[in-house]
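Hi,

Here is the structure I promised to pass on.

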Amino acid sequence: PLKPETSTAETKRSKVEIFKEQSNFIRYPLNEEIYTETPNINEASTQLIKFHGSYQQYNRDERGTRSYSFMLRTKNPGGKVPNQLYLTMDDLADQFGIGTLRLTTRQTFQLHGVLKKDLKTVMSTIIRNMGSTLGACGDLNRNVLAPAAPFMTKEYKFAQETAENIAALLTPQSGFYYDVWVDGEKFMTSEPPEVVKARNDNSHGTNFPDSPEPIYGTQFLPRKFKIAVTVPTDNSVDILTNDIGVVAVFDENGEPQGFNIYVGGGMGRTHRQETTFPRLGEPLGYVPKGDILYAIKAIVATQRDHGRRDDRKYSRMKYLISSWGIEKFRNVVEQYYGKKFEPFHELPEWEFKSYLGWHEQGDGALFCGLHVDNGRIGGKMKKTLREVIEKYNLNVRITPNQNLILCDIRSAWRRPITTVLAQAGLLHPRYVDPLNLTAMACPAFPLCPLAITEAERGIPDILKRVRAVFEKVGLKYSESIVIRVTGCPNGCARPYMAELGLVGDGPNSYQIWLGGTPNQTQLARTFMNKVKVQDLEKVFEPLFYYWKRKRQPKESFGDFTTRMGFEKLHELVDKWEGPVQSPVRYNLKPFADKETYEAMEELAKLQNKSPHQLAMEVIRNFVAAQQNGKSE
């Protein structure tokens, strides 16, 4: 393939590109900065340490001098966490963190609050206990998602194995991670031969032949790169929000045949810059089973060579596809792939699957999916989880909805485990408010440097208020909608796929997004800007009231808002004066004849009310007048 021409005039490059170039493959100056006396690291190092799986942060609740710490994020393809690693992370959180572990929307752990002087200890401990943080952040392939359910079916095992192979294929090869944290000691796991073969293959110009980084070169990718793998119908991974979405296709006996590939999804955007936007992945084509690693590598090489490196706001692959169009993109990828993509295979409808509660794995053992509010494990819950995981020697998995799955449980253990978990507030999903089961929030304040307003700390109250509005307008407890809250527009909790997304756009204020679907297949759109957190009910009440009254049978809130159209919804919100007192309970129907009703309707219109509202007012006034008459 033709590499893009570098014109003689020096192409404009972002600062980060220069840091990467001068770093000797992501080592310098970080390898010196971690030993200096200051609590923080310099600007170049803060960019480089991301590739090692860490972000520098400071506590934004505190005024005055900044107290710096580091957040570490692990890499766990498909969310798999071996028993030993879970126990290690649990210990590290207490010894070196803030005493909590955070499960993320990409099936990893985040460990907050690690001090610079402890970084090397913490990193090397993770590495020596079957873990890694390499490439959990930075301009390269991030954690590869796959359904977390430990079903022992051919389909699920194949999807998880594919995710692990893709993760291995795109793992940095130059050893910088081990050089910095374990003094060059090698901890490379044995890789399947097909991964090594695909990585080294350069028959179509995908590689830098003599580089220690055959796929990434010195510059790595223009920006973060996200991949998810799943099986048909299972959209637990938010498949369309990834740079690459891979769907395994099987024959009727469950034997893998190949893969449908979506490209160009991504959530991040910037407020008030219409040229940045969330985007859904779109179909690229189908590849036979044996070609998936070559196809992935061709897509990555296309983004590596053609994605923008001048302005990081536009560096994600979605902007490349958006500017080229899918046809041109497919043509360029095919040059690196050396083949044509086949047409997409027909697939059934997507469903969101949460895997909460007890399920059979299919090998005689059980698994138990636990709902963890916003993925934050701390306090009694943390202590109890540790006891159970340690006592029964369980492996765990993290889901893309910030929840935890305990795997490989014998049926005899089910009752004692259920009892212990319930005492720590880890309840069967039927005892958790349905709104909480699908809600997500990013960490935001106090530690995220990008947060504009609250998310994780604010969502418990927001969900309680939504539930109160549901009750006020007569929606049942069993009814639910997908709510996601982020503290800034980067969209870590994928708010642009929610039926109701709240995106921080100022102190205590949110942009409101509506129109996602419960199975995460449609992008939401901006409905309102700058809604103060204390004014949310003014928007929620009319929306939920009319959803209850005007929806079609089984119509979800997201579908309802799309069908009604935002213009109509704005009108309803603007005119809202509170729910009409439901006549059902007292069953007073004031209109016996059509003429009275029509006359009443005319009068009501003049007062901008419904005939029913006006009738109730008249009756109330009459009753009140009569009572006043009596009391005199």
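Just after α19, Asn 608 takes a positive phi of about 60°. The helix itself, residues 594-606, has 13 residues and should span 18 Å at 1.5 Å a residue, and its end C-alpha atoms are 19 Å apart, which agrees. (The expected span is 1.5 Å times one less than the number of residues; helices are DSSP runs of H or I with at least four residues, strands are runs of E with at least two, and both are numbered from the N terminus.)

Before you go further: this is a predicted model, where local features need pLDDT of at least 70 and side-chain atom pairs count only at pLDDT 80 or more, while totals for chains, interfaces and linings use all residues. Residues are numbered from 1 along each chain as its sequence is written, and side-chain values use heavy atoms, with hydrogens and water left out.

Back to the backbone. Most residues other than glycine have a negative phi, and most peptide bonds are trans, so here are some exceptions. Gln 520 has a positive phi near 55° and sits in the loop between β18 (509-514) and β19 (525-532). Lys 554 has a phi near 65°, in the loop between α16 (536-550) and α17 (557-564). Gln 520 counts as buried at 2% relative accessibility, whereas Lys 554 counts as exposed at 88% (buried is under 20% relative accessible area, exposed over 50%, partly exposed in between, with a 1.4 Å probe and protein chains only).

There are cis peptide bonds too. One joins Tyr 28 and Pro 29, with omega about 0°, and Pro 29 lies in the loop between α1 (15-21) and α2 (30-33). Another joins Phe 445 and Pro 446, with omega about 5°; Pro 446 is in the loop between β15 (440-441) and α15 (459-473).

Finally, the second largest pocket has a volume of about 910 Å³. Of its 26 lining residues, the closest to the centre are Lys 75, Pro 77, Met 130, Ser 132 and Thr 189. (On a 1 Å grid over the protein atoms alone, a pocket is an open set of points where a 1.4 Å probe fits, with protein on both sides within 12 Å along at least five of seven lines; lining residues have an atom within 4 Å of a point.) Helix α6 (residues 154-169) gives the most to this lining, with five residues. The pocket lies between domain 1 (27-138) and domain 2 (150-185 + 194-352), because both give residues to its lining; the domain bounds come from an automatic or database assignment.

Cheers

Conventions
Points joined across faces, edges and corners; volume = space filled by probe spheres on them.
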